[in-house]
Amino acid sequence: MTPRWRGLVMLLADATEHGSRAVERIQLETVRRPLALAAMVAPLPAWTRTAATVHRVVVGGVHVAIRGGATIAKALVR
């Protein structure tokens with residue numbers, strides 16, 4: 001692989017990692033307020049805690065996988 005392609009892969013992998021972190025942060029912040037409001041309704045607090053946990057785990061897992069793919073791509077071109 002030429003240095004030019006190596007550099008391109010590294011650049012795209014870095015952009016993927018940073019972009020994934022930004023999107024993950026936005027996704028977690030976006031759901032925070034609606035779940036906080038739902039928790040104020042009498043029968044929903046337990047449900048909202050469960051929903052918040054599931055959302056956090058799923059979003060985190062997806063972004064860990066995305067960043068893992070970028071890390072693997074970087075390792076393959078070294």
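**View 1. K74 and D14 form a salt bridge, with the closest N and O atoms 2.8 Å apart.** A salt bridge is a side-chain nitrogen of Lys or Arg within 4 Å of a carboxyl oxygen of Asp or Glu. The pair links distant parts of the chain, 60 residues apart, with K74 in helix 2 (residues 45–77) and D14 in helix 1. Helices are DSSP runs of H or I with at least four residues, numbered from the N terminus. The model is predicted: local features need pLDDT of at least 70, side-chain atom pairs count only at pLDDT 80 or more, and totals for chains, interfaces and linings use all residues. Residues are numbered from 1 along each chain as its sequence is written, and side-chain values use heavy atoms, leaving out hydrogens and water. D14 is partly exposed at 30% relative accessibility, whereas K74 is buried at 13% (buried, under 20% relative accessible area; exposed, over 50%; partly exposed, in between; 1.4 Å probe, protein chains only).

**View 2. K74 also meets E17 in a salt bridge (3.4 Å, N to O).** These partners lie 57 residues apart, K74 in helix 2 and E17 in helix 1. E17, within helix 1 (residues 3–39), has 16% relative accessibility and therefore counts as buried.

**View 3. R67 and E24 meet through their side chains in a salt bridge (3.0 Å, N to O).** R67 belongs to helix 2 and E24 to helix 1, 43 residues apart. Both residues are buried. Elsewhere, salt bridges that share partners join D14, E17 and K74 into one network.

Note on methods. Helices (H or I, at least four residues) and strands (E, at least two) are DSSP runs, numbered from the N terminus.
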